[in-house]
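Subject: Handover of a predicted structure

Dear colleague,

Please find below the structure that I am handing over to you. My notes follow it.

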Amino acid sequence: MNKNLINISELSKNDIDELIAFAEQFFDGDGGCKRENIFPDKTIANVFFEPSTRTKLSFEIAAKNLGCQTINFDIKNSSMKKGESVFETIDTVSLMGVDMFIIRSSEPILAELANMMPGVKFINAGEGTESHPTQTLTDFLTIKQTKDTLNNLKIVIVGDLDHSRVARSFLNGISNYEENEIVLTGHPDLCSNFINNDKYHYVENLDDALKDADIVMALRIQHERIQSSTEIDIDEYKALYQVNSERMELAKGDAILMHPGPVNMDIEVSESLYHSDKSVIRDQVSNGVAIRMAVLSRFLS
Amino acid sequence: MNKNLINISELSKNDIDELIAFAEQFFDGDGGCKRENIFPDKTIANVFFEPSTRTKLSFEIAAKNLGCQTINFDIKNSSMKKGESVFETIDTVSLMGVDMFIIRSSEPILAELANMMPGVKFINAGEGTESHPTQTLTDFLTIKQTKDTLNNLKIVIVGDLDHSRVARSFLNGISNYEENEIVLTGHPDLCSNFINNDKYHYVENLDDALKDADIVMALRIQHERIQSSTEIDIDEYKALYQVNSERMELAKGDAILMHPGPVNMDIEVSESLYHSDKSVIRDQVSNGVAIRMAVLSRFLS
Amino acid sequence: MNKNLINISELSKNDIDELIAFAEQFFDGDGGCKRENIFPDKTIANVFFEPSTRTKLSFEIAAKNLGCQTINFDIKNSSMKKGESVFETIDTVSLMGVDMFIIRSSEPILAELANMMPGVKFINAGEGTESHPTQTLTDFLTIKQTKDTLNNLKIVIVGDLDHSRVARSFLNGISNYEENEIVLTGHPDLCSNFINNDKYHYVENLDDALKDADIVMALRIQHERIQSSTEIDIDEYKALYQVNSERMELAKGDAILMHPGPVNMDIEVSESLYHSDKSVIRDQVSNGVAIRMAVLSRFLS
């Protein structure tokens, strides 16, 4: 394995399978993850250029569960105006004794940072609209838990695909597995990069898309990234694209609903479906900690 | 005991006495509290919807003294607009492996949260204008230290009663004890809920109220909560309601002055009285850590 | 030694030499510092009234390397309006069990705080325009590493001297050593306190100043402190006062370039010189952690 985890494509199918199996060993059998004092000499810095609650806390808790020291390093967006200053800031912090940086950024900066700092390890916690490898591993673990395989599945991804690094990273990673049918759907104004595109199978009608699905992955409408020129009527959106209990009946009887969170409740997913047995959204949160423990362990070793 | 501590009324007199006695065991004999590595496997999250320095740090230090992992989770007030979103945020964080939430909120949300999340423990760090149980336990410990009893005392509470959860929580808790005379006093515009009210003994004149008091508890004027229509003349306020050394002579010779902090110095309390032997305000701060260690220990066990 | 470290002048030459030698023992031989669990019972609070990334992180990492508990205590500038309120805030936090305060402040407050609180330890992390003792010790360690002595050196300090506590603290500390030639240089509008002043040897022309230098210490232009009436033309500044590889040739062959960071890259220092062998700027960062470990250890003991 590379010293860094920047893109899911850097992992072989074997790497992915091993990380998932490794993550499962961290569960404590009680819904949580074990505490182990494996890396008391390692310091990990969370450097988030975008706001994040879930991913940041998930990495912080994973690092603490492994006995690492953690540093939360808040950089205002302003210090990103010059590429050099980000490099120098990270380089300086690394010189103080930080072993690994967990970075979230709206701009793609990780590959360049990793290249400029060969002695420092970088883990991508969400970058641009393309890459979010630990979310993808979390999603794969969740599918594995319920379907016992990552092959031969019909997977429907619905929602704001244009702004979704979760979706792009998933599509990238799932290509390692076989015989899956991937169907993309969602409001055409939020899926413009996936319509009329040879690489993807886009279906405009959600009900058509859901038929016989094993996995339904709903995405968050990223209001903060949607340009004001794209006006989505919320009532129309809900009528056409909300995943609810009724629509979920179109999928297979044992189909599961996933969502990376946070959910715009009763918009992209109905509240009753969110709380139903079909939803594994809350399991994804717990699985995220286990996956990050596995990733940190492997890349610190 | 309940799994949560939301209101002082949930504790029996026996619970309160036990928590106070338990807290005293954490003192290191040198003005501070002992460090004990009792709960290395527990993670505690501080979730403060209102700004707080003292209570937040006090809980954080208490948790660290007990060997817990601590997470500071900052939520902007904006995320409280929908009750559901607070629930989902806390639920999500709990799924990452947080055992207990310490919550401060201007709105009463704890009972509902605790009800919705039966598997998670909640401790109230100040909620609305009604409830602040760990402050009340701290006040009781401070009284016990100096008076050796919580019975047969004349207790005068003076100041901004209308906005004070400290006062309401204290009044609630002290009703467990016997033969106390509780006198409320303060500027009428700041005590409107306590005047002409059968439940309370309000005296407008501070000097009259202070006569033969054992305990004088001054409250902070909460400028940030006072509506602009209520204009208090500061000079008049000080002339009529400042607790100073001269006025303190009206109380018993061994009377003590308490205040939950932070003090508006030389407004509600004179600086010379603050620094005098009669003031136990600084003891309340140290006692707060011991009480929170006792509360965390009992409710984590 | 004093219980506090507020000014470099409080340390004897012997104290300084011992702290430098002590700091060197913390290096792990691999570019970083050792982790030692020496002070698990000590709690250190970082109280920064000014923004700081490097110094704050450096102290936090040093404290954690020594096994201390650390508290980051953010005070907005607003709470400094009254001297008393800073005192009461720090006093209150100390009562919760904080053993040592690391303080950065734009106003000189440390001497008064230390005087008012004889039972609490204070370490200056940069105060006003005068004092920054741990930076000076870091600079001395860096010189010692490369020159093996703090005597008989020609040291040129160039840049925004007027606003530099780094420079004043260095000048103060270096007076303990012998036979050094100290030359100050920089744009006259940024050196007004050092021109026509009997105490200092100021030379307006940078090239003249650099001749045969052993040490070149460039300073950061502190734009945030420069009054708008002082307009510095950046192109002119670079032409006259940028330290670059060509100019560095005027110094001795083994001269080193220092800078406290962060560098205004390609303004006060050229990027190619920053990355050259002559630059020890990145070593200063690592040395800063070792020095702070030494200072914390000595003053906690």
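Residues are numbered from 1 along each chain as its sequence is written, and chains are lettered from A and ligands numbered from 1 in the order in which they are written.

Chain A

Chain A contains 11 helices and 8 strands (DSSP runs numbered from the N terminus, helices being H or I of at least four residues and strands E of at least two). Its radius of gyration, 19 Å, is close to the 19 Å that the globule rule gives for 301 residues, so chain A is as compact as a globular protein of that length. That radius is taken over C-alpha atoms, and the rule is 2.2 Å times the number of residues to the power 0.38. Along the principal axes, the C-alpha atoms of chain A fill a box of roughly 55 × 45 × 35 Å.

Domains

Two domains divide chain A: domain 1 (8-131 + 285-300) and domain 2 (133-280), with bounds from an automatic or database domain assignment. Their C-alpha centres are 26 Å apart. The contact between them takes 22 residues from domain 1 of chain A and 17 residues from domain 2 of chain A (two residues are in contact if their C-beta atoms, placed from the backbone, lie within 7 Å). On the domain 1 side, helix 1 (13-24), strand 4 (121-127) and helix 11 (281-300) of chain A each give two or more residues. Helix 11 of chain A gives the most, with 6 residues. By class, this side of domain 1 has 9 nonpolar, 8 polar and 5 charged residues. Here Ala, Val, Leu, Ile, Met, Phe, Trp, Tyr, Cys and Pro count as nonpolar, Asp, Glu, Lys and Arg as charged, and the others, Gly among them, as polar.

A helix pair

Helix 5 (residues 133-147) and helix 6 (residues 165-174) of chain A pack at an angle of about 65°, and their axes are 9 Å apart. The axes are lines fitted to C-alpha atoms over the stretch in contact, with angles running from 0 to 180 degrees between N-to-C directions. Among the residues that meet are A:Asp139 and A:Phe140 in helix 5 and A:Phe170 and A:Gly173 in helix 6. The contact of these helices has 4 nonpolar, 4 polar and 1 charged residues.

Symmetry and chain contacts

A rotation of 120° with 0.1 Å of shift along its axis superposes chain A on chain B, with an RMSD of 0.0 Å. The two copies are thus related as by a three-fold rotation axis. The superposition is by least squares on the C-alpha atoms of residues with pLDDT of at least 70 in both copies. A:Asn72 comes closest to the rotation axis of the residues of chain A, at 6.3 Å (C-alpha).

Between chains A and B, 16 residues of chain A are in contact with 12 residues of chain B. Helix 2 (54-65) and helix 11 of chain A each supply at least two residues of the chain A side, and helix 2 of chain A gives the most, with 5 residues. That side has 7 nonpolar, 5 polar and 4 charged residues.

Chain C places 11 residues in contact with 15 residues of chain B. Helix 3 (83-95) and strand 2 (69-74) of chain C each give two or more residues to the chain C side, the largest share, 5 residues, coming from helix 3 of chain C.

Kind regards

Definitions and conventions:
This is a predicted model: local features need pLDDT of at least 70, side-chain atom pairs count only at pLDDT 80 or more; totals for chains, interfaces and linings use all residues.
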